Amino acid sequence: MKTIKITVAFLAIIFAFSCEDRLDVVPEDNVASNTVFGSFATINGAVVGIYSKNQSGDLNGNAQLMSDFMADNVNFVGSFPSLQEIDQFETLATNTSIDNIWLDGYELIGAANNIIANLPDVSIEDVTGLTEADKTVFVAEAKFLRAITNFQLVNLFAQPYQFSNGTNLGIPIVTQPFEGGDISEFQLERSTVNEVHAFIEQDLLDAAAALPEDNGVRAEAGSARALLARLYLYREQWAQAADLANQVISSGEYALASDYDFYDDNPNSSEHIFVVINTPTDGPQENAGSDEVYVNFYNPAPGGRGDAPFSQELIDAFAAEAGDRRFDELSQAASDAGGNDTFFTTKYPDIVNNASDGMALRITEMYLIRAEANLLNGSSTGDSPLNDINLLRNRAGLGNLGSVDLAAISLERRKELCFEGHRRMDLLRNNLNLRPGGGAASAPGADKVIFPIVEDETTNNPNITQNPGNF
């Protein structure tokens with residue numbers, strides 16, 4: 001149900017193009033396949049290594065932070081030039097923050113590909129303790145992690161489905177691990193958003209069919225179904241989105257938490273479908289871990305940087321209806337990095353141990369997806385949109401609404417999922433400006449509401465196409 005980092009001496013094979021026209025392979029990852037697949041322990045360790053890469057602060061931390069401050073939930077007041085560029089819609093292809101997202105993403109995909117491509121051919125007769133069932137689950141875990149990473153990348157580096165019904169350019173689809181030699185097979189053109197979404201969909205369908213319903217601290221069938229529900233929502237496939245969300249809700253594996261304690265380092269809450277767990281014993285990583293990003297940026301000093309407080313628009317949204325526990329219990333008054341009196345979220349509270357978790361998928365989102373999809377489809381799969389929204393409002397200490405429309409559901413999404421990285425895509429897919437009064441630079445379809453393809457990739461891949469407005 002959740003992911004956890006376990007430090008291992010090796011990871012699966014990964015690749016990353018350097019700015020020196022060559023392919024750099026991280027030494028500890030350069031493990032011969034016969035070593036990785038020679039024992040149950042090393043195979044399991046390679047799979048755990050993919051989860052470890054998913055803990056990268058660039059994939060889970062910075063990406064969510066950027067998604068919220070590019071939109072209207074966070075007032076970014078930080079001093080990092082690379083983040084200021086993004087906040088001001090002036091992102092360059094040389095931006096180090098987006099470069100890290102791209103490289104870490106494709107490193108994870110390469111590690112997942114190593115398992116997906118090679119493990120099925122390993123004979124269980126040659127590996128003590130390995131069963132065909134183990135192989136099936138390991139491959140399914142790798143497919144889920146590859147899917148969630150491809151989804152993150154296509155959402156950041158490509159215009160959403162609504163831009164041109166998915167015919168616009170997405171990202172390269174990489175299906176093979178790097179095993180040395182010719183790099184030309186990795187110098188790929190960008191597939192369309194539709195093609196990337198179809199690839200993600202198939203990975204998630206495969207994972208949902210093969211993963212157990214309860215897989216302890218790792219991805220399970222409900223994780224794949226939940227991400228698939230989000231994919232269908234983003235693609236406006238309303239019936240499928242409602243159905244998949246309903247499957248997760250009705251599975252019995254998850255349930256709405258009675259309160260908001262699950263944010264307070266409670267990874268065992270029934271609320272969670274898939275979470276990036278951060279513990280005090282996690283070792284240092286190549287880049288900042290997700291725990292460091294969440295704690296540092298979303299908390300005021302002392303302890304945090306004070307860079308990412310509530311925007312005034314989000315404060316006003318909560319203030320419009322008094323008594324909302326999602327503000328009263330999950331915010332704190334403090335001064336930001338610029339010395340302004342404001343509010344900060346308390347969703348990432350563990351400043352002492354840097355061990356606050358990142359919420360990737362939780363059951364509340366499934367109610368929101370089901371409500372929105374049913375509303376726009378004119379259906380009531382599982383329950384009515386009104387009942388789903390009132391259920392969440394009641395937990396937040398608010399009264400029932402008499403009716404709901406898309407604006408009401410979008411408002412509940414905003415207040416429920418703030419500081420979890422959803423707001424940018426929610427606005428873009430609904431053809432709304434990322435900033436109130438933001439003008440052309442932050443309007444749907446504008447060049448800089450998505451990231452440029454990073455310079456490392458354009459330098460080393462002659463077949464890649466840059467996003468418009470980036471040179």
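In which hand does α5 pass α6 at their crossing? The crossing of α5 past α6 is left-handed, a term used when the near helix is turned anticlockwise from the far one by less than a right angle, with right-handed used if it is turned clockwise. This is a predicted model, in which local features need pLDDT of at least 70 and side-chain atom pairs count only at pLDDT 80 or more, while totals for chains, interfaces and linings use all residues. Residues are numbered from 1 along each chain as its sequence is written, and side-chain values use heavy atoms, with hydrogens and water left out.

**The chain as a whole**

- The protein chain has 17 helices and six strands, where helices (H or I, at least four residues) and strands (E, at least two) are DSSP runs numbered from the N terminus.
- Of its 471 residues, 59% count as buried, which is to say under 20% relative accessible area, with exposed meaning over 50% and partly exposed in between (1.4 Å probe, protein chains only).
- Among contacts (heavy atoms within 4.5 Å) between residues at least 6 apart in sequence, 71% join residues at least 24 apart.

- Two packed helices are described by the angle between their axes and the distance between the axes; the axes are lines fitted to C-alpha atoms, for helices over the stretch in contact, and angles run from 0 to 180 degrees between N-to-C directions.
- Helix α5 (residues 96-118) and α6 have axes that come within 9 Å and cross at roughly 155°, which makes α5 roughly antiparallel to α6; angles over 145 degrees count as roughly antiparallel, under 35 as roughly parallel, 65 to 115 as roughly perpendicular and the rest as oblique.
- The residues of the contact of α5 with α6 divide into 16 nonpolar, four polar and two charged, where Ala, Val, Leu, Ile, Met, Phe, Trp, Tyr, Cys and Pro count as nonpolar, Asp, Glu, Lys and Arg as charged, and the others, Gly among them, as polar.
- Helix α6 (residues 132-157) also packs with helix α7 (residues 193-210), at an angle of about 150° and with the axes 8 Å apart, and this makes α6 roughly antiparallel to α7.
- The crossing of α6 and α7 is left-handed, and the residues of their contact divide into 13 nonpolar, three polar and four charged.

- Arg362 is found in strand β6 (residues 358-362) and is buried, with a relative accessible area of 1%.
- The side chain of Arg362 makes polar contacts with the side chains of Glu271, at 2.9 Å, and Glu420, at 3.0 Å; a polar contact is a pair of N or O atoms within 3.5 Å, where within protein one must be able to donate a hydrogen and the other to accept it, and residues adjacent in sequence count only if both atoms are side-chain atoms.
- Among the residues that Arg362 touches is His272, which lies in strand β3 (residues 272-276) and counts as buried at 2% relative accessibility.
- His272 and Tyr254 are 18 residues apart in sequence and 7.1 Å apart in space, C-alpha to C-alpha.

**Ser442**

- Ser442 lies in the loop between α16 (423-429) and α17 (455-460) and is buried, with a relative accessible area of 1%.
- The side chains of Ser442 and Asn433 are joined by a polar contact of 2.4 Å.
- Not counting residues up to four places away in sequence, Ser442 touches Phe89, Asn433, Leu434, Arg435 and Val449.
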